[in-house]
Amino acid sequence: MNKKLSKPFLKWAGGKGQLLNKFKELYPQELINGEVKIYIEPFVGGGAVLFDILQNYQIEKAYINDINKELINCYRCIKADLKEVIKQLDILEKEYLSSEDRASYFYKVRDRYNEIHLNEHYDFEKCADFIFLNKTCFNGLYRVNKDGKFNVPHGKYKNPLICDKENLRLCSHLLQKVEISFGSYEQVLEKADNNTFVYFDPPYRPLMEKNSFVSYDKSGFDDNDQIKLTENYKFLDNKKSLLMLSNSDPKNTNEEDNFFDDIYKGFEIERVFAKRMINSSASKRGDITEIVIMNYKRRR
C-alpha cells in the first residue's frame, strides 16, 4: 500500500509543485545520500519543496521564513493547534457551500480578514479565513494593494474543497520539526553550515515592466534586492552550504538580458520549463523557462 503523501495546504502563485520532478533531478547528491540534516527555505511561499523534502529525505531540522506575516501565521497555527484550524475551517466550508449567495459570503469573509491585525501570537480566525479565501478566490492568488489589504475577487468554483482534513493533518505532522519565522529572509541564513541544504525561491523578477500579479507583499523586491540576495548566496557558498535558487528567466522576453547569468556567474545554471499559470489571457499561458542556480554539480 502506497504511503499517503502531503501536498501544500495552499494554492500559491509561482508554486513549485509542477517542477518537483525536475527539482528532484537537481537536488544535491548529499541530500539523496542522507548526509544533509538541516533544510532552510528563506522564502517558503506555498511550501511545495519544503513538504517534498521533509517527507522524502532524512532531514532532522528545518527552518522556514517568509515576509508575508499572514502566510506565516497559517504555518504556525497548523503546527500548533490543528484541531482549532479544522474547527474554524469546517464552519466556513459548510456556511459557504450552503449559501445562496456565495459571492456575498466570500466578500464578508474577505472584509473580516482585512480587519484582523496580527500580533505576535497565533490568530486561528485569520488562519482559517486565509485558507478559505485561498480556496475560493480567483485562481488561488494572494495579492494585496498598497495598503496591504487582500483584494483578489471571488473565484466562483463549483465545489471547492476548503477543509482538506487529511492533508492538513499530514502537513501539521511534518511541521513539528520545523522552526517558523516571519520577516527578512536573512535572519534564517545564520542557521546554515556545511551540513545544510538551502533552497531560495525569492519573489521572481518580473518578465514585463508591469505585472499585475507580483504583489504578494506590499514591500516589493527589486533588482537591488536580487543583487543583495546574490551576496548572501555567495556568503553561504563560502560556508560550504549546498544551495539551490530559482527565478524567472529574463531571456523569455529578451534574449540579450543576462541579468542572472551575470550576477551568478561561476555557478551552475539550469533552465527548466514551467507553465505560466497566471495570466488574464488564456492564450498567453504556456511553457516558459525558469532558471535554477546551484553551487554544486548536478547529478548525471
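Tutor: Gladly! Buried means under 20% relative accessible area, exposed means over 50%, and partly exposed lies in between (1.4 Å probe, protein chains only). This is a predicted model, in which local features need pLDDT of at least 70 and side-chain atom pairs count only at pLDDT 80 or more, while totals for chains, interfaces and linings use all residues. Residues are numbered from 1 along each chain as its sequence is written, and side-chain values use heavy atoms, with hydrogens and water left out.

Student: Why is Arg-271 called partly exposed?

Tutor: Its relative accessible area is 32%, and partly exposed is the class between the buried and exposed limits. Therefore Arg-271 counts as partly exposed.

Student: What makes the contact of Arg-271 with Asp-249 a salt bridge?

Tutor: The term asks for a side-chain nitrogen of Lys or Arg within 4 Å of a carboxyl oxygen of Asp or Glu. The closest N and O atoms of Arg-271 and Asp-249 are 2.7 Å apart, so the pair meets the definition. This pair links distant parts of the chain, 22 residues apart: Arg-271 is in strand E6, and Asp-249 is in the loop between E5 and helix H10 (259-263). Asp-249 is buried, at 2% relative accessible area.

Student: What makes E5 largely enclosed?

Tutor: Seven of the seven residues of E5 are buried, so the rest of the structure largely encloses this strand. Strands (E, at least two residues) and helices (H or I, at least four) are DSSP runs, numbered from the N terminus.

Student: How do you know that E5 pairs with E4 and with E7?

Tutor: Two strands pair if DSSP finds at least two bridges between them. Four bridges join E4 to E5, which run parallel, and five bridges join E5 to E7 in the antiparallel sense, so both cases pass. Val-198 has Leu-243 in E5 as its bridge partner, and Ser-246 stands opposite Val-292 in E7.

Student: Why are E3 and E6 called edge strands?

Tutor: The open sheet has seven strands in the order E3-E2-E1-E4-E5-E7-E6, with mixed pairing. Strand E3 (178-182) and strand E6 (268-275) each have a single partner strand, so one side of each is left without a neighbour in the sheet. The partner of E6 is strand E7 (residues 287-294), joined in the antiparallel sense over eight bridges.

Student: What makes the buried residues of H8 line one face?

Tutor: In helix H8 (residues 165-174), the buried residues are Asn-167, Leu-168, Cys-171, Ser-172 and Leu-174. Seen down the helix axis, they fall within an arc of 160°, so they line one face of H8. That arc is taken from the directions from the helix axis to the C-beta atoms. These residues pack against H3, helix H4 (69-80), helix H5 (82-98) and E3, where contact means heavy atoms within 4.5 Å.
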